[in-house]
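Try each task before you read its solution.

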Amino acid sequence: MAAFKAFWNSPVGPKTTHFWGPIANWGFVAAGLVDTQKPPEMISRNMTAAMCVYSGLFMRFAWMVQPRNYLLLVCHASNESVQLYQLSRWAKAQGFLEKKEPEGQH
């Protein structure tokens, strides 16, 4: 019970935005994972790139804020991974990741 009380009253416990902000942001990760089952033609390059930038910025914020917000850092690192995977699916569907033969070789 003492450990629970210590967590409850800690600077990153459930009484703070350090806890609830990351919990809400896990929705982005869940949505990204669900979207991996959709065809790559449905992926928005602009939105996926914006999510990559967003998560990159918030990973830095989570590391720099005091006390460090490890829950937020892990959440955004997970989202960054999912979004980069989605971006690679989009690029492959658009033909950007195809291997090209050097000119003159057939």
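**Exercise 1: a histidine and its neighbours**

His 18 counts as buried, because its relative accessibility is 18% and buried means under 20% relative accessible area, exposed over 50%, partly exposed in between (1.4 Å probe, protein chains only). The model is a predicted one, where local features need pLDDT of at least 70, side-chain atom pairs count only at pLDDT 80 or more, and totals for chains, interfaces and linings use all residues. Residues are numbered from 1 along each chain as its sequence is written, and side-chain values use heavy atoms, leaving out hydrogens and water.

Task: find the helix that holds His 18, then list what His 18 touches beyond four places in sequence.

Solution: Start with the helix, a DSSP run of H or I with at least four residues, numbered from the N terminus. His 18 sits in α2, residues 17-35. Next, apply the contact cut-off, heavy atoms within 4.5 Å. With residues up to four places away left out, His 18 touches Pro 11, Val 12, Val 65, Pro 67 and Asn 69.

**Exercise 2: a helix checked by its length**

Solution: Now look at burial: the buried residues of α4 include Leu 72, Cys 75, His 76 and Asn 79. Their cover includes α2 and α3 (45-64). Finally, Gly 95 follows α4, with a positive phi near 90°.

Methods: Helix = DSSP H or I, 4+ residues; strand = E, 2+ residues; numbered from the N terminus.
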